[in-house]
Amino acid sequence: MMALFDEEKIMRTHIASEKKAASKETARKAAEKMLKDRKITVDEIPEYFSELSAEDIQEIEKGLFQTV
């Protein structure tokens, strides 16, 4: 029974992790689109996309300036 609980907990943790990653990727794409459309600035990203870390924002900024 303990093994079943452990497997179930691992599966729930994995699913939660996958949902978080998907949400973060969606936020990243939306932030990139809004930046390209000049709807927001890089400094405004944390206000609208709290799920993105400072490192994520730096990567977005680097990618934006590489394409310009």
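The structure holds five salt bridges, a salt bridge being a side-chain nitrogen of Lys or Arg within 4 Å of a carboxyl oxygen of Asp or Glu. One of them joins the side chains of aspartate 56 and lysine 24, at 3.0 Å from N to O. Aspartate 56 lies in helix H3 and lysine 24 in helix H1 (residues 2–36), so this pair ties together parts that are 32 residues apart in sequence.

Before I continue, a word on the model. It is a predicted model, in which local features need pLDDT of at least 70 and side-chain atom pairs count only at pLDDT 80 or more, while totals for chains, interfaces and linings use all residues. Residues are numbered from 1 along each chain as its sequence is written, and side-chain values use heavy atoms, with hydrogens and water left out.

The chain has three helices and zero strands, and its elements run α-α-α from the N terminus on. Helices here are DSSP runs of H or I with at least four residues, strands are runs of E with at least two, and both are numbered from the N terminus. The accessible surface of the chain comes to about 5,700 Å², of which 56% belongs to carbon and sulfur atoms; such areas come from the Shrake-Rupley method with a 1.4 Å probe, and for residues only the protein chains shown count as cover.

Of the 68 residues in the chain, buried ones make up 19%. Buried means under 20% relative accessible area, exposed means over 50%, and partly exposed lies in between, with a 1.4 Å probe and protein chains only. Among contacts between residues at least 6 apart in sequence, 44% join residues at least 24 apart, where contact means heavy atoms within 4.5 Å.

I return to aspartate 56. Helix H3, where this residue lies, covers residues 54–67. Is aspartate 56 buried or exposed? Its relative accessibility is 11%, and therefore aspartate 56 counts as buried. Which residues does aspartate 56 contact, leaving aside its neighbours within four places in sequence? They are Lys24, Arg28 and Glu51.

Arg28 leads us to a second salt bridge. The side chains of arginine 28 and glutamate 32 meet at 3.4 Å, N to O. Both residues lie in helix H1, four residues apart, which is about one turn of the helix. Arginine 28 counts as buried because its relative accessibility is 18%, whereas glutamate 32 is partly exposed at 25%. The C-alpha atoms of glutamate 32 and glutamate 61 are separated by 8.7 Å, although the two are 29 residues apart along the chain.

A further salt bridge links the side chains of aspartate 37 and lysine 33, at 2.8 Å from N to O. Aspartate 37 is partly exposed, with a relative accessible area of 41%, and lysine 33 counts as exposed at 52%. Salt bridges that share partners, in turn, join Arg28, Glu32 and Glu59 into one network.

Next, the loop between H1 and helix H2 (45–48), where arginine 38 is found. Most residues other than glycine have a negative phi. Arginine 38 has a positive phi of about 60 degrees although it is not a glycine. With a relative accessible area of 76%, arginine 38 is exposed. Threonine 41 has its place in the loop between H1 and H2 as well, and counts as partly exposed at 43%. From threonine 41 to alanine 31, ten residues apart in sequence, the C-alpha distance is 9.4 Å.

Finally, the nonpolar interior. A nonpolar core is a set of buried Ala, Val, Leu, Ile, Met, Phe, Trp, Tyr and Cys residues joined through side-chain atoms within 4.5 Å. The largest such core has eleven residues in all, including Ala27, Ala31, Leu35, Ile40, Phe49 and Leu64. H1 and H3 each supply at least two residues of this core. Leaving aside its neighbours within four places in sequence, isoleucine 40 is in contact with Ala31, Met34, Leu35, Ile45, Tyr48 and Phe49.
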